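Here are my notes on the model you asked me to look over. Keep the 3D view open while you read, and click on each residue as it comes up.

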Amino acid sequence: MDLLERASELENMKMSNMTTSDRVVASRAAKALILEINEIYKETKDPDLMDLMKRLTEKKRKIEKRLKGRPAA
């Protein structure tokens, strides 16, 4: 499946040396993949797809946390 290959690629992507625009693109790609996988999950209820969505969501959160930066104290 092409979808699983893209998910694996995103999951194994290195986060070091990413520019801000790279992070934005990666975050949007992760969101799109999660939504596509969710549509398939709704029909099949495959627990492996749910695990994949959870891992991608965690990766997406890390990317977005880095995008937002540290709060000014």
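1. **The overall layout.** The protein has three helices and zero strands. Starting from the N terminus, the elements run α-α-α. Keep in mind that this is a predicted model. If you draw a box along the principal axes, the C-alpha atoms fill roughly 45 × 25 × 15 Å. There are 73 residues in the protein, and 26% of them count as buried.

2. **Contacts along the sequence.** Take the contacts between residues at least 6 apart in sequence: 65% of these join residues at least 24 apart.

3. **How H2 and H3 pack.** Two packed helices are described by the angle between their axes and the distance between the axes. For H2 and H3, the axes come within 9 Å and cross at roughly 160°. What does that make the pair, roughly parallel or roughly antiparallel? Angles over 145 degrees count as roughly antiparallel, so H2 and H3 are roughly antiparallel to each other. The crossing of H2 past H3 is left-handed. The residues of this contact divide into 15 nonpolar, five polar and five charged.

4. **How H1 and H3 pack.** Now turn to the other helix pair. The axes of H1 and H3 come within 10 Å, crossing at roughly 35°, and this crossing is left-handed. On the H1 side, the contact is made by Leu4, Ala7, Leu10 and Glu11. On the H3 side you'll find Leu49, Leu52, Arg55, Leu56 and Lys59. Sorted by class, the contact of H1 with H3 has six nonpolar, no polar and three charged residues.

5. How many salt bridges does the structure hold? The count is five. Let's begin with arginine 55 and glutamate 11, whose side chains meet at 2.4 Å, N to O. Arginine 55 sits in helix H3 (residues 47-68) and glutamate 11 in helix H1, so the pair ties together parts that are 44 residues apart in sequence. Arginine 55 is partly exposed, with a relative accessible area of 41%. Glutamate 11 is partly exposed too, at 24%.

6. Next, find glutamate 36 and arginine 6, which form a salt bridge with the closest N and O atoms 2.9 Å apart. Glutamate 36 belongs to helix H2 (residues 20-44) and arginine 6 to helix H1 (residues 2-11), so this pair ties together parts that are 30 residues apart in sequence. Glutamate 36 is partly exposed, with a relative accessible area of 34%, and arginine 6 counts as partly exposed at 35%. There is a further partner here: Asp2, Arg6 and Glu36 are linked in a network of salt bridges.

7. Glutamate 64 and lysine 60 form a salt bridge, with 2.9 Å between the closest N and O atoms. Both residues lie in helix H3, four residues apart, which is about one turn of the helix. Are the two partners buried or partly exposed? Glutamate 64 is partly exposed, with a relative accessible area of 23%. Lysine 60, at 17%, is buried, because the cut-off for buried is under 20%.

8. **Two backbone angles to check.** Most residues other than glycine have a negative phi. Asparagine 17 has a positive one, near 60°. You'll find asparagine 17 in the loop between H1 and H2, where this residue is exposed, with a relative accessible area of 78%. Lysine 45 also has a positive phi, about 55°, although it is not a glycine. Its place is in the loop between H2 and H3, and lysine 45 is exposed at 54% relative accessible area.

Notes. Residues are numbered from 1 along each chain as its sequence is written. This is a predicted model: local features need pLDDT of at least 70, side-chain atom pairs count only at pLDDT 80 or more; totals for chains, interfaces and linings use all residues. Side-chain values use heavy atoms; hydrogens and water are left out. A salt bridge is a side-chain nitrogen of Lys or Arg within 4 Å of a carboxyl oxygen of Asp or Glu. Helices (H or I, at least four residues) and strands (E, at least two) are DSSP runs, numbered from the N terminus. Buried means under 20% relative accessible area, exposed over 50%, partly exposed in between (1.4 Å probe, protein chains only). Axes are lines fitted to C-alpha atoms, for helices over the stretch in contact, and angles run from 0 to 180 degrees between N-to-C directions. Angles under 35 degrees count as roughly parallel, over 145 as roughly antiparallel, 65 to 115 as roughly perpendicular and the rest as oblique. A crossing is left-handed if the near helix is turned anticlockwise from the far one by less than a right angle, and right-handed if clockwise. Ala, Val, Leu, Ile, Met, Phe, Trp, Tyr, Cys and Pro count as nonpolar, Asp, Glu, Lys and Arg as charged, and the others, Gly among them, as polar. Contact means heavy atoms within 4.5 Å.
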